[in-house]
Amino acid sequence: MPLYEYHCQNCAEDFEKIVRFSEADRLPPCPVCGSTETHKKISAAASLGGSSSGGSRSSGGSCGSGGGFS
Ligand SMILES: [Zn+2]
């Protein structure tokens, strides 16, 4: 799930929130003052989890000359 940064326009608080994709269009209320006048900040912290995807490495096996060369 992506992590978004928000900025509260009421109290100028910056906060982060992990948002599900189904909630990505909603703006969460400010955790400090409860105002809903928040807006999403564009941050580059979208891929901080480093989720390893699959890792199906099918190409390879080129080093299969099984020894016996002496
Ligand atoms: Zn606030």
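Leaving aside neighbours within four places in sequence, Val32 is in contact with Cys11 and Glu13, contact meaning heavy atoms within 4.5 Å. The C-alpha atoms of Val32 and Glu13 are 7.4 Å apart in space, although the two residues are 19 residues apart in sequence. Val32 is found in the loop between E2 and E3, and with a relative accessible area of 54% it is exposed; here, buried means under 20% relative accessible area, exposed over 50%, and partly exposed in between, computed with a 1.4 Å probe on protein chains only. The model is a predicted one, in which local features need pLDDT of at least 70 and side-chain atom pairs count only at pLDDT 80 or more, whereas totals for chains, interfaces and linings use all residues. Residues are numbered from 1 along each chain as its sequence is written, and side-chain values use heavy atoms, with hydrogens and water left out.

Val19 also lies in the loop between E2 and E3, but in contrast to the exposed Val32, Val19 counts as buried because its relative accessibility is 2%. Not counting residues up to four places away in sequence, Val19 touches Met1, Pro2, Tyr4, Tyr6 and Ala24. One of these residues, Pro2, is 17 residues from Val19 along the chain, and the C-alpha atoms of the two are separated by 6.1 Å.

The secondary structure of the protein comes to zero helices and three strands, where helices (H or I, at least four residues) and strands (E, at least two) are DSSP runs numbered from the N terminus. The elements accordingly run β-β-β from the N terminus on. The strands form an open sheet in the order E2-E1-E3 with antiparallel pairing, two strands being taken to pair if DSSP finds at least two bridges between them. E2 and E3 are the edge strands, each pairing on one side only. Neighbouring strands of this sheet are turned by 35° against each other on average, direction ignored; the axes are lines fitted to C-alpha atoms, for helices over the stretch in contact, and angles run from 0 to 180 degrees between N-to-C directions.

E1 and E2 pair in the antiparallel sense over five bridges. Within this pairing, Glu5 has Glu16 of E2 as its bridge partner, while the bridge partner of His7 in E2 is Asp14. The hairpin of E1 and E2 has five residues between the strands. Ala12 lies in this loop between E1 and E2 and has a positive phi of about 65° although it is not a glycine. Most residues other than glycine have a negative phi.

A zinc ion has as its protein donors Cys8 (SG), Cys11 (SG), Cys30 (SG) and Cys33 (SG), which lie 2.2 to 2.3 Å from it. Donors are N, O and S atoms within 2.8 Å of the metal (3.2 Å for Na, K and Ca), and water is not among the atoms, so sites may look incomplete. The four donor atoms subtend angles of 106 to 116° around the zinc ion, and the arrangement is therefore tetrahedral. Four donors count as tetrahedral if all angles lie between 85 and 135 degrees; four count as square planar and six as octahedral if opposite donors are over 155 degrees apart and all others between 65 and 115, and anything else is irregular. The ideal angle at a metal with four tetrahedral donors is 109.5 degrees.

In sequence, the donor residues of the zinc ion are spaced C-x2-C-x18-C-x2-C. Distant parts of the chain are linked by the pair of Cys8, in strand E1 (residues 3-8), and Cys30, in the loop between strand E2 (14-18) and strand E3 (38-41), the two being 22 residues apart. Both Cys8 and Cys30 are buried, Cys30 with a relative accessible area of 4%, whereas Cys11 counts as partly exposed because its relative accessibility is 31%. The structure holds zero disulfides, a disulfide being a pair of cysteine sulfur atoms within 2.5 Å.

Across the protein, 16% of the 70 residues count as buried. Among contacts between residues at least 6 apart in sequence, 33% join residues at least 24 apart.
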